[in-house]
Amino acid sequence: MNVAFLGLGTMGEAMARNVARRGHSLTVWNRTLAKAEALARALSGVRVAPTPAEAARGAEVVITMLSDPAALSAVCDGQGGALAGMHSGALLCEMSTVDPKTIHVLAELAAARGVDLLDAPVSGSRRPAEDGTLLILAGGDAAAVERARPVLEAMGRVRHVGPSGAGSATKLVLNSLGAHMMAGYTAALVLAAKLGLDPARTVEVIQGGAFASPLYAAKTPKVLAGDFTPDFRLALMLKDQELVIATARALGLDLPTLEAVRALCERAVAAGYGELDLTALIRVLEDQAGITVRG
């Protein structure tokens, strides 16, 4: 298929590579032009466009993978935006983490141009993006999901979760749970270290019982090695939690644990750990406890 990919961050670049490797014709755009040009040099046949509109022109499927709702609006709307370059009948696959309200606004803009919209955010971080094993949470019409499937399956497993907006809603639910899990896990490891327990043995006990988790298994080696190279930046985790809380408040929900996790993320970012991996939550807890958790 003829595909345009807009947004080549840590996740987007890996996802775009897999789309090209599956044999789709690919045009890319990125706010930092050098990243798009580097990808085009690395993969034969990839074209670089100067604007989102030019990237989208003639594409059957346009994919957006951007940092937040503001970036999505800037890239899709307006004279140079992706929608301005899309033809009637084309498909816009929005794969960023945004809130359902943003998706509903974008769906109206797309419909006005005869463009179908899928909100298809992904669950997973850098390594699954590179391996093409992301979980893709597709919200929208079933026929649109099937149209997009050849492209989406280049990046991972597709799960149709409901109508338009359901993809972004499901992603917020997953991200709220993931943040709770990481906050609880890092706090437990700091408590164990403060109690004089060996962190590695404590992890073995956790992973051998009812609280075992693939997330903990994937993250523990880096935590115990003190390696906080980002697979998913803590600053983005904070952004996601702010979206979760804003959505919950709009629904009239009082969810105090969400507020507590967001506050912990905010403290970690304010302490200078925002560009590190989400596991760097443990750093702000270590600072407070006056102890370092290492195997």
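Glu286 is buried, with a relative accessible area of 4%, where buried means under 20%, exposed over 50% and partly exposed in between, using a 1.4 Å probe and protein chains only. This is a predicted model, in which local features need pLDDT of at least 70 and side-chain atom pairs count only at pLDDT 80 or more, while totals for chains, interfaces and linings use all residues. Residues are numbered from 1 along each chain as its sequence is written, and side-chain values use heavy atoms, with hydrogens and water left out.

Glu286 forms a salt bridge with Arg294, and their closest N and O atoms are 3.0 Å apart; by salt bridge I mean a side-chain nitrogen of Lys or Arg within 4 Å of a carboxyl oxygen of Asp or Glu. Arg294, for its part, is partly exposed, at 27% relative accessible area.

Turning to the helix itself, Glu286 is one of the buried residues of helix 14, which spans residues 281-289, helices being DSSP runs of H or I with at least four residues, numbered from the N terminus. Those buried residues pack against helices 9, 11, 12 and 13, with contact meaning heavy atoms within 4.5 Å.

Helix 13 and helix 14 pack at about 85°, their axes 9 Å apart, where axes are lines fitted to C-alpha atoms over the stretch in contact and angles run from 0 to 180 degrees between N-to-C directions. Helix 13 is therefore roughly perpendicular to helix 14, a label covering 65 to 115 degrees. Among the residues making this contact are Leu264 and Tyr273 of helix 13 and Leu281 and Val284 of helix 14.

Terms used. Helices (H or I, at least four residues) and strands (E, at least two) are DSSP runs, numbered from the N terminus. Angles under 35 degrees count as roughly parallel, over 145 as roughly antiparallel, 65 to 115 as roughly perpendicular and the rest as oblique.
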